[in-house]
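Dear colleague,

Here is the structure I promised to hand over, with the sequence alongside. My notes on it follow below, and I would be glad if you read them with the model open.

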Amino acid sequence: MALTIVVLSPGGAAKEGELSLTLDAPRIILGRAEGCEVRLPDTSVSPRHASIRQRGATYLLLDEGSENGTFLGKTRIAPRTAMPLRTGDRIRVGRVWLALRIEPAVPKASPAAAAKELALELVARGLAAQGEDPTPRVVVVDGPDRGRALHVEAPGRPYFVGRAQDADFTLDDPDVSRRHVAITRRGDQFSVQDLGSRSGASLDGVPVPQFDTIWRPGQVLAISADRLVFEHPAAEALAEIERSPCEPLPADAAVELPSAEEPSAASSSPTSTPTPSPASASTLSPLARPAAAAPRVAQGGGWGFTEALIALLALGVLALSIAGLMWLLGRG
């Protein structure tokens, strides 16, 4: 069984489409730092905040000594103490709420790339909510087309620049070939490839070869008389968030619990991924094993079967006591 982790918005299900990762690994690290299997770009989340460990068919949640604690529902769990998870559970790390689904699923894509794409999308939505344009783009900073921009939204898709009318970015210059170069974005990284153009292209004066070449931040791409650079606002903001110190939350901070409505079973996110584990579940410390786990707080009202059975036994004992007392009084 795989584990799907859904990022929830405050007060309910994820907005603008579900953002989720599907993983099947012995250990999954939740945190703000690069290298975590689930990267959550919020300063209230510690670099390595919590982990989910798999032991057989059971998933266990542990706090990794975080600044602001890890919550299962409204209950804060003790550091290094394992809490069993089940499908439908909500957990909170810092200010971020997550919903869990334990289900048969096939993880997809590269783990590191998917984790980064999820983090970038979360930051992009935050920037958009603040009125900023988070779209990755290539901008002409000098030349006849100065001020024009090409939005490079779809990761992994080549965007064609040239004189052809069906190019993604058309340059009206006779020295530019119909399809001059291809620009591709993967996560926060850009690459460029010359497509056999007549006049060529260069990065900081070095000719661009006819194969995918990394376009590094700050480098200037020259195509005929135009000079282009790329901008990735979400990547810049993500790097700043990851560098920031952890923001302590007040002990009485109110972080709204999402609604009890189950997240959709169909994930619209392209970021579902298998995740290799840094360590086996067999390396769990004694405090992380089920025997050391604290009793789980029952969720929701009403008695369960065990509570009802105990109550019936108590009533039976009480009835027998009363009958014995009546018998003794009758003999007297």
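In this predicted model, the buried residues of helix α1 are Ala114, Ala115, Lys116, Glu117, Leu118, Ala119, Leu120, Val123, Ala124, Arg125 and Leu127. What covers them includes the strands β1 (2-8), β2 (19-23), β4 (38-39) and β16 (181-186), together with the helix α2 (233-243). Just after α1, Gly131 takes a positive phi of about 90°.

Leaving aside neighbours within four places in sequence, Leu228 is in contact with Val138, Val139, Val140, Phe169, Trp215, Gln219, Val220, Leu221 and Ile223. The C-alpha atoms of Leu228 and Val141 are 5.7 Å apart, although 87 residues separate the two along the chain.

As for confidence, the protein chain has an average pLDDT of 81, with 74% of the residues scoring at least 70. Over residues 11-15, however, the pLDDT is below 50, and this stretch has twelve contacts in the model beyond near neighbours in sequence. Residues 260-306 also stay under 50, and for them the model has 100 contacts beyond four places in sequence. Where pLDDT is low, the predicted coordinates should not be read in detail.

Notes
Residues are numbered from 1 along each chain as its sequence is written. This is a predicted model: local features need pLDDT of at least 70, side-chain atom pairs count only at pLDDT 80 or more; totals for chains, interfaces and linings use all residues. Side-chain values use heavy atoms; hydrogens and water are left out. Buried means under 20% relative accessible area, exposed over 50%, partly exposed in between (1.4 Å probe, protein chains only). Helices (H or I, at least four residues) and strands (E, at least two) are DSSP runs, numbered from the N terminus. Contact means heavy atoms within 4.5 Å. pLDDT is the predictor's confidence in each residue, from 0 to 100.
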